[in-house]
Amino acid sequence: MTNYAEFHQRSITDRDAFWGEQAQLVDWKVQPTHICDYSNPPFARWFAGGVTNLCHNAVDRHLKDRADQAALIFVSTETNQERVYSFRELHAEVQRMAAILKGLGVTKGDRVLIYMPMIAEAAFAMLACTRIGAIHSVVFGGFASGSLATRIEDAAPKVIISADAGSRGGKPVAYKPLLDEAISLSSYKPESVLLVDRGLVPMAMVAGRDKLWADLREQNMNTVVECEWVDATHPSYTLYTSGTTGKPKGVQRDTGGYAVALAASMKHIYCGEAGETYFSTSDIGWVVGHSYIIYGPLIAGMATIMYEGLPTRPDGGIWWSLIEKYKVTVMFSAPTAIRVLKKQDPALLKKYDLSTLKALFLAGEPLDQPTAQWISEGLGRPIVDNYWQTETGWPILSICKGVDDSPTKFGSPGKAVYGYDVKLLDETTGEELKGANQKGVVAIEGPLPPGCLQTVWGDDARFVSTYWTTIPGRMIYSTFDWGIRDEEGYYFILGRTDDVINVAGHRLGTREIEESISAHPNVAEVAVVGVADQLKGQVAMAFAVVKDASLIADEASALKMEGEIMKIVDKDLGAVARPARVRFVTVLPKTRSGKCLRRAITAVCEGRDPGDLTTMDDPAALQQIKDLINS
C-alpha cells in the first residue's frame, strides 16, 4: 500500500498526470486532449477533447465479460417484489426506455425530469437519458407540488417520467396528482409525461400528453439504441439542492469527469471489485443515489441493490438479511438510519451471516461517536465515515481504504481525499489556518477535482457568487461547514457555518454539544439549535429522543435526566456550552432522506414561520416541539 500522504500530494502537485492515469479506468471513444482546462477560473473543464458515454461505461462495456452477472437487484418490502437484472437484461431494458424517449422527441441536450419511487424503471430512465445524451433531473419522489413546479420551470424538461405511486410503510403515496398539480403551477409545460403504472392507486390520464410506459415498452421490445457519444464536458444531469436563500440551485454535472471520479472512488475509497455487490440505502432523488446506487457500482462492474422500503419493515434485520442473501461486500448508509436501527433488537445484528461485508460507509450528516461505536461493535466491520455534498458528487473527506491503511477515528470523516486541496480558513480574515486544532471554514482551493459541479444550471453568475471567494491569485470554494483538523490530518466537521451558536460572544458548534449529549446512556438521538436570547444573543436548545421512555415517565424523572445531561456538557465543554433546556421528544423532525430539520426547529423555538416543509417526513414531529415550547 502506498504512502497516502504522497498519493494525495501527487494528485494536487502533479494533477494532470494523476488524473490522466485515473482516466484509464473508463472507456473513451476519443481520448482527452487536455486533462484539466482551468483557463477560466473557477470553471474547470475536465478531460476536454475526450468523447465518452456514461451509460456505455455503466452497462455496455460489461457485456463482453459479465453479461449474465447480476447488475441491478430491485427489492421492495413495500410491494413484496424482488427482481435481479443481469447486465444483459439491464442493457435491453435501458435500450427500450431510450427508444421510448427518442420516440417522444428527446434528443441530445434535452432535459428529462424523473419523479419516481425506488423502482427498477427509475434506473432504466436515468441510464436511458445518459445513453442518448439527454440531461436527466431526478426529483425526490413525493416532493410536494410547489417544490416540484419550481424544478420543472428551471429544468424545462421535454418529457417527465413518473409513476402512479410510491409506497411507505405499506401505504401507497400517490405521485400522479402531485405531478399534475405541479405542471399546472409551472409556467413551463412538458410535451409528454411517461407513466409507470404499478397498480397501487387509480391514475387519471391527460389525453395527448400522458403515455403508459408498459404500452410503449411493448412496441420497442427489440429496438436497438446505440450510445450517443458526447464530449467529456457535456452535462450528464442536474440535481437540485436547497439554499438558505432563493430558489433551489440546479447542480450541473459533466460526463467524463464524473465517470472518472466515480471509477476512481470505487477503487480507492470503497474497494469495490467487479462481480461483487454494493448496497446503498439512499434514494435516487439524492446525490448518493446517483453516484452510489446507479452509476458508481455499475461502472465498477458490481451488482447494485435498489431498495424500496423502511429499514425496520418487516423488522430491523431486513438490511442485514439482504447482505447475507446477496453477499454484499460494500454498504453505504446514513447515521440517521443507524440510529434508528440502534433502537431495534440487538440480536438482529447477529442473526445473519455478514462475513462478505468489507466495510460500512456512512455519510449525509455528522456521525456521532456513540453511534459509530455501537454499529462498529455490532457488525465487527470497519465503519468509514465520509463527508461530501450534492455539489461535489463524491467524498471530500474519508479514509481511502484502497490506498491508505490509516485507522478511522470515531467522530471524524477522515482526511482530505485525493484531488481535493482542502483548507481551513479564518471566517473573518479569509486567511488559511495551518495549525492543528483550529476552527475554520472548510474550503477547497480551485480547481475542484473531476466529478464536482461544473456550474449552477443556467446561472454561471450564481455559481461564482454562491461558492467562490477570491484571495489574491487564488480561487477558493466554500463548503459552508465549520471544521477542525488534528495533528494527524483528520478533520472533524462541526456543523454549518450558519448553525454556529454565538452565546455571549462564545462561538459554539451545535455538533460539539450534540456529541456531548449523545454520551448519556439513555439518549438515542439529539438535535441542538441556537435560539435567540435577549440577554446572551443566543442560547443552545436541545431536543433528545430517549432509548427508554420509562426512565422519564414523570416530570421529576425527566428533570433528573435533564440535569444529568447538563452535567455531562459542563464536564465536556464547560458551562458556556450548557443548553438552556433539554426537551424530550419521541422523534426529531427530518426530511425524507433523514436529515434533521434544524432550521425549522429554530424557527419554531423563536416563534417564526418554519418555511418550506415539503421535504419533511412526519409533520407531527415538529408539532410536538411546538407544543413543548408553548406549554
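Author: Start with the whole chain. Residues 24 or more positions apart account for 69% of the contacts with a separation of 6 or more. The model is a predicted one. Its protein chain holds 20 helices and 33 strands. Buried residues make up 61% of the 631 residues. A compact globule with 631 residues would have a radius of gyration near 25 Å, and the chain's 24 Å agrees with that. The C-alpha trace spans about 70 × 60 × 50 Å along its principal axes. The accessible surface comes to about 23,700 Å². Carbon and sulfur atoms hold 50% of that surface.

Now the close look. The part is strand β11, residues 192-196. Five of its five residues are buried, so β11 is largely enclosed by the rest of the structure. In a regular strand, side chains alternate between the two faces of the sheet. Here S192, L194 and V196 point one way from β11. V193 and L195 point the other way. Both sets are buried.

Which strands pair with β11? One is β8, residues 159-163, which pairs with β11 in the parallel sense. Five bridges join the two. In one of them, A163 has V196 of β11 as its bridge partner. Another is β12, residues 210-212, which runs parallel to β11. Three bridges join β12 to β11. There, V193 stands opposite D210 of β12.

The loop between α7 (145-155) and β8 contains A156. Phi of A156 is near 50°, a positive value in a residue other than glycine. K327 also has a positive phi, of about 50°, and is not a glycine. K327 lies in the loop between α12 (318-326) and β18 (328-333). With a relative accessible area of 55%, K327 is exposed.

Two peptide bonds deserve a look as well. The bond from P41 to P42 is cis, with omega near 5°. P42 sits in the loop between β1 (36-40) and β2 (43-46). The bond from G446 to P447 is also cis, and its omega is near 5°. P447 belongs to the loop between β24 (440-445) and β25 (455-456).

Next, the nonpolar cores. In soluble globular proteins, nonpolar side chains tend to be buried together. The largest nonpolar core here has 119 residues. W19, L127, W394 and Y418 have the most contacts inside it. Helix α6, residues 120-132, gives the largest share of this core, 10 residues.

Take L127 as an example from the largest core. Which residues does L127 touch, leaving aside its neighbours within four places in sequence? Its contacts are C55, A58, V59, L90, V94, I294, Y295 and L298.

C55 leads on to the cysteines. How many disulfides does the structure hold? It holds zero. A disulfide is a covalent bond between the sulfur atoms of two cysteines. Take C36. C36 is buried, with a relative accessible area of 10%. C227 is in no disulfide either. The nearest cysteine sulfur to that of C227 belongs to C55 and is 5.0 Å away. C227 is buried too, with a relative accessible area of 11%.

One last stop is V539, in strand β32, residues 537-546. V539 is buried, with a relative accessible area of 14%. V539 and P579 are 40 residues apart in sequence. In space they are 6.7 Å apart, C-alpha to C-alpha. Leaving aside neighbours within four places in sequence, V539 is in contact with I501, V503, V529, G530, V531, D533 and A580.

Back to the strand we began with. β11 has β8 as a parallel partner, and β12 also runs parallel to it. Each residue of β11 is buried.

Technical notes: Residues are numbered from 1 along each chain as its sequence is written. This is a predicted model: local features need pLDDT of at least 70, side-chain atom pairs count only at pLDDT 80 or more; totals for chains, interfaces and linings use all residues. Side-chain values use heavy atoms; hydrogens and water are left out. A nonpolar core is a set of buried Ala, Val, Leu, Ile, Met, Phe, Trp, Tyr and Cys residues joined through side-chain atoms within 4.5 Å. Buried means under 20% relative accessible area, exposed over 50%, partly exposed in between (1.4 Å probe, protein chains only). Helices (H or I, at least four residues) and strands (E, at least two) are DSSP runs, numbered from the N terminus. Contact means heavy atoms within 4.5 Å. A disulfide is a pair of cysteine sulfur atoms within 2.5 Å. The radius of gyration is taken over C-alpha atoms; the globule rule is 2.2 Å times the number of residues to the power 0.38. Accessible areas come from the Shrake-Rupley method with a 1.4 Å probe; for residues, only the protein chains shown count as cover. Two strands pair if DSSP finds at least two bridges between them.
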